[in-house]
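Please keep the structure open while reading.

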Amino acid sequence: MPTIPPVSSNIIEMLARFCGGINTGPEISMLLLQARLPDPDPQITKWKRLHNAFATFQNKHNASDHIITYVKLALDPARYTNSRDLYLTRIGEVNPILAFIGLEFREDGKMYRVDKAKTLSEAVLRAQRLRTLLEQRNVHGDILKFAESEIASDNYFHTVLEAMKSVTAKIRSLTGIYADGADLIDNTLLGKKRCLAINPLKTASEQGEQTGFANLLKGLYGTFRNPTAHEPKIEWHLSEEDALDVLSVLSYVHRKLDNAHRI
């Protein structure tokens, strides 16, 4: 990333407080060295140590690029291989700060340039854009709950994956059958084995709705659940528009299941 202009003293303090809250003293020593930042006061409080390191660099070089490098290093995905939810939470915490300087950190471990936020409300809403859009669509609460961390970090890919899991969890809870994907649908909603109905199943139209609903779910599992579960994220592109549409369909599925009954 090219040299980044100086940032305000408030931004330096907020980034120092954020990084001081997620790094130990030894980690700070290592990361300052890797980011090629000075360490003028290694014995003081962590966030103040980082504040002095950041401010000293910026005052000397009239740039903040190494400060941003430190943030990237502190949020290196490799450091969170066993704590993905924590990783997504921290991305959600740092992005409102970065929004004021026109940057955004994403799950791939890279910084991206974006339009600068002009107000605190804009910065917070931008950092939780996906949740805002889903709430505007009145998406089912189980999706918001099940994919909370993914939604908070605007992660379209994993939000859809977790939303599919929320449907699986609900069907298992309603039926006690712990199959997965198409097998779960075949054993709960289709054919002679079915034990769950979304309507009274008394008319041809109701029978058709049940079959169509089951096939819709099988299609969703085949299209979204399986590829997203097994393919590397970099090879699976899911746009915001597509994610919102899929999540709206899954919200419809949840509402149907809320009114389903055992047979």
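How many residues has H3, and what distance does H3 reach from its first C-alpha to its last? H3 has 16 residues and reaches 23 Å between those two atoms, close to the 22 Å expected at 1.5 Å a residue. The expected span of a helix is 1.5 Å times one less than its number of residues. Helices (H or I, at least four residues) and strands (E, at least two) are DSSP runs, numbered from the N terminus.

The model is predicted: local features need pLDDT of at least 70, side-chain atom pairs count only at pLDDT 80 or more, and totals for chains, interfaces and linings use all residues. Residues are numbered from 1 along each chain as its sequence is written, and side-chain values use heavy atoms, with hydrogens and water left out.

Buried means under 20% relative accessible area, exposed over 50%, and partly exposed in between (1.4 Å probe, protein chains only). In H3 the buried residues are Arg49, Leu50, Ala53, Phe54, Ala55, Phe57 and Gln58. The buried residues of H3 pack against helix H1 (9–22), helix H2 (25–34) and H4, where contact means heavy atoms within 4.5 Å.

Just after H3 comes Asn62, with a positive phi of about 55°. Asn62 sits in the loop between helix H3 (46–61) and helix H4 (65–74), and it is not a glycine. Most residues other than glycine have a negative phi. Leu201 belongs to the loop between strand S3 (196–197) and helix H12 (204–230). Asn62 is exposed, at a relative accessible area of 58%, whereas Leu201 is buried, at 14%.

**Nonpolar cores**

A nonpolar core is a set of buried Ala, Val, Leu, Ile, Met, Phe, Trp, Tyr and Cys residues joined through side-chain atoms within 4.5 Å. The largest one has 35 residues, and those with the most contacts inside it are Leu134, Val167, Ile185, Leu217 and Leu250. Two or more residues of this core come from each of helix H7 (129–136), helix H8 (141–146), helix H10 (156–175), helix H11 (181–188), H12 and helix H13 (240–258). H13 gives the most to this core, with seven residues. In soluble globular proteins, nonpolar side chains tend to be buried together.

Back in the largest core, Ile185 is one of the residues with the most contacts. Not counting residues up to four places away in sequence, Ile185 touches Ile171, Leu190, Ala214, Leu217, Lys218 and Tyr221.

**The second largest pocket**

On a 1 Å grid over the protein atoms alone, a pocket is an open set of points where a 1.4 Å probe fits, with protein on both sides within 12 Å along at least five of seven lines; lining residues have an atom within 4 Å of a point. The second largest pocket holds about 190 Å³ of space, a volume being the space filled by probe spheres set on the points, which are joined across faces, edges and corners. Its lining is made of Pro77, Ala78, Tyr80, Thr81, Arg84, Tyr87, Glu107 and Asp108. These divide into four nonpolar, one polar and three charged. Here Ala, Val, Leu, Ile, Met, Phe, Trp, Tyr, Cys and Pro count as nonpolar, Asp, Glu, Lys and Arg as charged, and the others, Gly among them, as polar.

Two of the lining residues, Arg84 and Glu107, are also in contact with His158, as is Glu150. That list leaves aside the neighbours of His158 within four places in sequence. His158 is in helix H10 and is buried, with a relative accessible area of 14%.

**Other residues**

Ser149 lies in helix H9 (residues 148–152) and is buried, at 18% relative accessible area. Phe146, in helix H8, counts as partly exposed at 40%. Met30, in helix H2, is partly exposed at 37%. The table gives separations for these residues.

| Pair | Apart in sequence | C-alpha to C-alpha |
|---|---|---|
| Ser149 and Lys116 | 33 residues | 24 Å |
| Phe146 and Glu162 | 16 residues | 6.5 Å |
| Met30 and Leu189 | 159 residues | 56 Å |

Not counting residues up to four places away in sequence, Phe146 touches Glu162, Lys165, Ser166 and Ala169. By the same rule, Ser149 touches Asp85, Leu88 and Thr89.
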